[in-house]
Amino acid sequence: MIAASPGTGERPCWSAPRRGLMPRTLDGQITMEKTPSYFVTQEAPRRIHGMSPDTKLIVVVRNPVTRAISDYAQTLSKTPGLPSFRALAFRHGLGPVDTAWSAVRIGLYAQHLDNWLRYFPLSHFLFVSGERLVSDPAGEVGRVQDFLGLKRVVTDKHFYFNATKGFPCLKKAQGSGRPRCLGKSKGRPHPRVPEAVVQRLQAFYRPFNRKFYQMTGQDFGWD
């Protein structure tokens, strides 16, 4: 999640300890802070609203099943002895989905958004498709620039697709300088997950996804 706040001449922040870590923001400038866990942290909406109720919020979401497997792959790279994805995602084999596991719980987007809408109107949010951010980065970044009231400076000429990583990379429009690609932790191969497990998770998330589509007015095409 990315939080963007208009300039106030002060050091905007989301909690007191971070104030000193952020540069001063002048009138006409936008301060941005990116912490993915904000969206799923119960206390974050109240704290951010208390800091600045005018804050704009950008939330990047992707298919929650793919997101959970990606989360598992990242954890597995740091903890090789981790139980299988199936063992963590379900109780008792293919029993009930274990929503206590963070990799599963994070994908319940509708529930998390409910918490945020207690403090911010829907107009303060931009929901970016993680899938379209890969297939059409210029289009999604263009939406971000529009949402923030910025001129569309970053366009399709700033991107090229890196087939090795499976993600677009950013380059300077003039072709000078080295392109910037996502770090080595991005684009790692996902572990093989049985199709039965994927289908069970898809069925589990379906009602939550549809509620999220209704809440945001966007169909992300995950079903």
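**Cavity lining and aromatic contacts**

The largest cavity is lined by Asn 63, Pro 64, Val 65, Gln 202, Tyr 205, Asn 209, Trp 222 and Asp 223. In this predicted model, the count comes to 1 cavity of 30 Å³ or more, and the volume of the largest cavity is about 30 Å³. Helix 3 (64-78) and helix 9 (195-216) each contribute at least two residues to the lining of the largest cavity, and the largest share, 3 residues, is supplied by helix 9. Sorted by class, the lining comprises 4 nonpolar, 3 polar and 1 charged residues.

Trp 222, one of the lining residues, also belongs to an aromatic cluster that is formed by Tyr 109, Trp 116, Phe 120, Phe 125, Phe 127, Phe 212, Tyr 213, Phe 220 and Trp 222. Across the whole structure, 16 aromatic pairs are found. Among them, Tyr 213 and Phe 220 form a tilted pair, with 6.2 Å between the centres and 40° between the planes. Phe 220 forms an aromatic pair with Trp 222 as well, in this case stacked, at 4.9 Å centre to centre and with 15° between the planes.

Tyr 213 counts as buried because its relative accessibility of 11% lies under the 20% cut-off. Phe 220, with a relative accessible area of 7%, is buried, and Trp 222 is likewise buried, at 8%.

A contact between a charge and a ring involves Lys 56 and Phe 147: the charged end of Lys 56 sits over the ring of Phe 147, 5.2 Å from the ring centre.

Technical notes:
Residues are numbered from 1 along each chain as its sequence is written. This is a predicted model: local features need pLDDT of at least 70, side-chain atom pairs count only at pLDDT 80 or more; totals for chains, interfaces and linings use all residues. Side-chain values use heavy atoms; hydrogens and water are left out. On a 1 Å grid over the protein atoms alone, a cavity is a set of points where a 1.4 Å probe fits but cannot get out, and a pocket is an open set with protein on both sides within 12 Å along at least five of seven lines; lining residues have an atom within 4 Å of a point. Grid points are joined across faces, edges and corners, and a volume is the space filled by probe spheres set on the points. Helices (H or I, at least four residues) and strands (E, at least two) are DSSP runs, numbered from the N terminus. Ala, Val, Leu, Ile, Met, Phe, Trp, Tyr, Cys and Pro count as nonpolar, Asp, Glu, Lys and Arg as charged, and the others, Gly among them, as polar. Rings of Phe, Tyr and Trp (its six-membered ring) pair if their centres lie within 6.5 Å; planes under 30 degrees apart count as stacked, over 60 as edge-to-face and the rest as tilted. Buried means under 20% relative accessible area, exposed over 50%, partly exposed in between (1.4 Å probe, protein chains only). A charge sits over a ring if NZ of Lys or CZ of Arg is within 6 Å of the ring centre and within 35 degrees of the ring normal.
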